[in-house]
Amino acid sequence: MSHTMSRAMSRTAPPPVPVPEPAAPRTEAPAIWPRSTAPLGDDDLAVGGVALTQLADRFGTPAYVLDEDEVRRRCRAYLRAFPGTDVYYAAKAFLCRAMAHWVQEEGLGLDVCSAGELELAVTTGFPPERIVLHGNAKSPDDLRTALRLGVGRIVIDSTSEIARLAAAVPSDGRQKVLVRVVPGIAAGGHAKIRTGTDGQKFGLSLADGSAQHAVTRILGQPRLQLMGLHCHLGSQITTVKPYLAAVRRLVGLLARIHEQHRITLPELDLGGGHGVAYRPGEPALDIAGLGARIRAELAGGCAAAGLPMPRLAIEPGRGIVGPAGVVLYRVLAVKQTGGHTFVAVDGGMSDNPRPALYGVRYAPRLVGRRSAAAPQPVTVVGRHCEAGDVLAADVPLPGDIRPGDLLAVPVAGAYHLSMASGYNLVGRPPVVAVSGGHARLLVRRESLADIQERDIGL
C-alpha cells in the first residue's frame, strides 16, 4: 500500500460542520447529483452541507451517503404530481428504519416483497394498513406475517396463491387483495427488468385469460375482498407512452369484469419503474407530466366505458431514493494493461451488482484532490474475483489518478445495498444520512465479526 493511501485512510477528521451554500451556480449536472450538492473549492463536493472527503475520513470507504432532504423532496414531488393518489414507496429499492420513517412522515405508503421488509417497517412504526405486499412466490411465512400484522393489500400473483391465502385468513376476517395483471407491454431499460410482457415470472396474463380467471376465483372466496387491479411494466422506463397503454388495457379489463360479474372495482395500481438519469445527458421520466397524462387517460377511458374512475396508486422506488444517494470509494490500484487503464477501488459487485447484472453505466468523479491532468478514459473496477466486476467502463478521470484517491459515484441510492451480497466476505458498507450540515450513521458497516457469528458449525 502506498504512503499516500495509508495517510488517506488513517486521517482522523473532526465532526462535520455546516458548509454554507455558495452563491455561484453548481458546475455539476443537477440531474445526477442531489440538489444540495455544492462545490467546495476546486477539489471537493458537499452533499447535504457535509464535505464528501470529510464523510470518507469519518466513516471510511466504501460508504453510502443518503441525502435525507433529497428523499423528502422527491416524496413531495410525487404527491404533487399525483394528487388524490396512493403513493407507495417501493422498499425493494432500499430500505432501512430511517427510510421507512422518512416516507411515512411525508405521507407515502410502502410496497414490500417479504416478511423481512414488512417486519422492519412495522416495528419501526409504519402503519400496516398503508403497506402493500408483493411477490411472485410468497412463502407461508410471508403470508402469515402479512395477515398477523394486518397488511393493507396483498397482490395476487398466481392462481395457486388464491386458495392458500384464503385458507390462511381467520374465519372472521377478510383480506383485501389486488390481481397483478400482465398487460403485454414491453418497457424497461433491459430485458432483465421488463415485467409487463408474457414469458416472465410475474403476474397473470391478460392475453390468455389468466387474469380474468383469477378474478373469478377470488370472487368465489368469501375471505378475500377483491379491491382492484395491479400491474408493473418494468424498471428504468423514461417515456410516458407505456403507462398510457397500460391504463387503456386495464380499463378494458375493468369494463369486462363489470360486464361479467356486475361489480365495479374501486382501485387501480400502476406500479412504478420510473427511470432516472445515471449520467449527464441521459433521459429521465418527467413525473409531473406522467401524473397529468395518466389521470387524463384514466378519466377518458373510464368515461368511454361508463365506469367511475378507480382510485389510482403508484409505487416509485428508484425515482425517490436513487438520485438521493452517493457512494464513496477509495482507489486501491491503477493498472495499464492490454491498452486499457483499470482503476480498482475498495468496493465492487458485492455492494453494487447492477453493472454486472444488466450493464448499468455510471459517472464517477474524483473528489478531494485538485488535478490539472487531462481526462483519460479508464475502467473503474471492483476488488472481487470476477472479470465482470466492473463498476464503470470507459469513463473520463484525470490522467494522474492514483492509489489513495477518492471517487464519488452519484445516483447510488437504489438497488445497490438492497442487492448487496457477501461475496469474498468483505462486508457490506455503511449508510450515512446527511442533512443541514450534519451526518449520522443509519446502517453500520458489516464487520468480520458479524460474518463469523453466522458461521456456527464445523
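Reply: A salt bridge here is a side-chain nitrogen of Lys or Arg within 4 Å of a carboxyl oxygen of Asp or Glu. In this predicted model, the side chains of D86 and R311 meet that criterion, with N to O at 2.9 Å. The pair links distant parts of the chain, since D86 lies in strand β5 (residues 86–90) and R311 in strand β13 (residues 311–314), 225 residues apart. D86 counts as partly exposed at 25% relative accessibility, and R311 is likewise partly exposed, with a relative accessible area of 41%.

A second pair joins two helices: the side chains of R72 and E105 form a salt bridge at 2.7 Å, N to O, with R72 in helix α3 (residues 68–81) and E105 in helix α4 (residues 97–105), so that distant parts of the chain, 33 residues apart, are linked. Here R72 counts as buried because its relative accessibility is 12%, under the 20% limit, whereas E105 is partly exposed at 48%. Both residues also belong to a network of salt bridges that links E68, R72, R76, E105, E106 and R440.

R444 is exposed, with a relative accessible area of 51%, while D450 is buried, with a relative accessible area of 18%. The pairs described here are among the 20 salt bridges that the structure holds.

Definitions and conventions: Residues are numbered from 1 along each chain as its sequence is written. This is a predicted model: local features need pLDDT of at least 70, side-chain atom pairs count only at pLDDT 80 or more; totals for chains, interfaces and linings use all residues. Side-chain values use heavy atoms; hydrogens and water are left out. Helices (H or I, at least four residues) and strands (E, at least two) are DSSP runs, numbered from the N terminus. Buried means under 20% relative accessible area, exposed over 50%, partly exposed in between (1.4 Å probe, protein chains only).
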